[in-house]
Amino acid sequence: MENTPALMETDDAHPDPAKSAPFDPGKARCPGAGSLSPGQIEFYDREGYVVLEDLLNHEDMLPFRESVNLRVEEIAEDLHQSGLIPHKFESSPFETRLGDLFAGLTDTHFLKYGRGWRDRLPGYFHLMSNPKILDAVESLIGGEIFSNPVYNTRPKVPKVAAGAVPWHQDKSYWPGANANPVITVWISMVDATLENGCLHVWPRTHRADVLSYHAETYSGTGFTEIDDVHLRDARALPLPVSAGTAILFNDRCVHMSTPNLSREVRWSCDLRYQPTDQDPMPEHGAGFLARSRKDPSRVADLDDWLHRRAEHRESLAIR
């Protein structure tokens, strides 16, 4: 993706030059730090996103999948106890089990369990603190990294309307926060394809002010959606990727995903990171200090995170 010629030559994605906001690609960056190449950093700064193919392997993703399976098992038990399904589909694989559970049910049944999951289970922490992810993020915002409290598991179930996500900017969920940049790290746990609803981005929309938006009403989720007036020149760039690939993008980068028309669940998660001198957004939950080159002893461990402590030594405030 780094050398996609069409993107390098495209200037028609800016929503409104008159509304352009000052853009600082990362004043905290230390040249040479992190794992991204200069070309990848340049691409991210220009386009608002970068694709890191096969960043994670099966072992990296396994703890997360195990935690997700705990939730799926709870849902299966609840549906079975409620008499909504004849059995719990224990023999179905990870890729299809949740879809099998809801195959004969409605969107309302699915949304009872939430459009996205934010469980505080060990597998989530192991993923959010994975050095491969933090190394990439460090290239963009420096070595003092706070893991934002807004993280989600996204089970895009076949034929469920709540699986499609409209055009939006992540920053629309925290418009008043002095958090720029917040880096979203979107990771596909299975192959994300055009059929099962891969991520689509609108390149170069990260340099403008937050666009006006509203809460959509057609999926039952209330996702934020940018107003129609901004969509006249929308450019949808689909990003089909293999399992373990990470897509990093700025929280002002407009993006969406399409419905899942396949027979398998499109499992993904979205994690968020920001410099430690930004608003930790406590109204959204408890984040944690994921990396500190200045004082590694303050970095939160699993026990800290499970107990909602932002760092290892509680007496120190994140600065």
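Let's start with the open sheet. Four strands make it up, in the order S4-S11-S6-S9, and the pairing is antiparallel. Its edges are S4, residues 165-168, and S9, residues 237-238. Each of these edge strands pairs on one side only. Keep in mind that this is a predicted model.

S4 and S11 run antiparallel, joined by two bridges. S11 covers residues 254-257. Where does Val-165 sit against S11? It stands opposite Ser-257.

Now the cores. The largest nonpolar core has 69 residues. Which members touch the most others? They are Leu-98, Phe-102, Ile-133, Val-185, Ile-187, Trp-267 and Leu-271. Helix H3, residues 58-81, gives the most to this core: seven residues.

Take Leu-271 from that list. Set aside its neighbours within four places in sequence. Leu-271 is then in contact with Leu-127, Met-128, Ile-133 and Tyr-151, and also with Ile-183, Thr-184, Val-185 and Ile-187. Ile-133, Val-185 and Ile-187 are on the list of members that touch the most others, too.

There is a second, separate core, with six residues. Among them are Trp-202, Leu-211, Val-254 and Met-256. Remember S11, residues 254-257.

Last, the whole chain. It holds eight helices and 13 strands. Of its 319 residues, 55% are buried. Take contacts between residues at least 6 apart in sequence: 82% join residues at least 24 apart.

Definitions and conventions: Residues are numbered from 1 along each chain as its sequence is written. This is a predicted model: local features need pLDDT of at least 70, side-chain atom pairs count only at pLDDT 80 or more; totals for chains, interfaces and linings use all residues. Side-chain values use heavy atoms; hydrogens and water are left out. Two strands pair if DSSP finds at least two bridges between them. A nonpolar core is a set of buried Ala, Val, Leu, Ile, Met, Phe, Trp, Tyr and Cys residues joined through side-chain atoms within 4.5 Å. Buried means under 20% relative accessible area, exposed over 50%, partly exposed in between (1.4 Å probe, protein chains only). Contact means heavy atoms within 4.5 Å.
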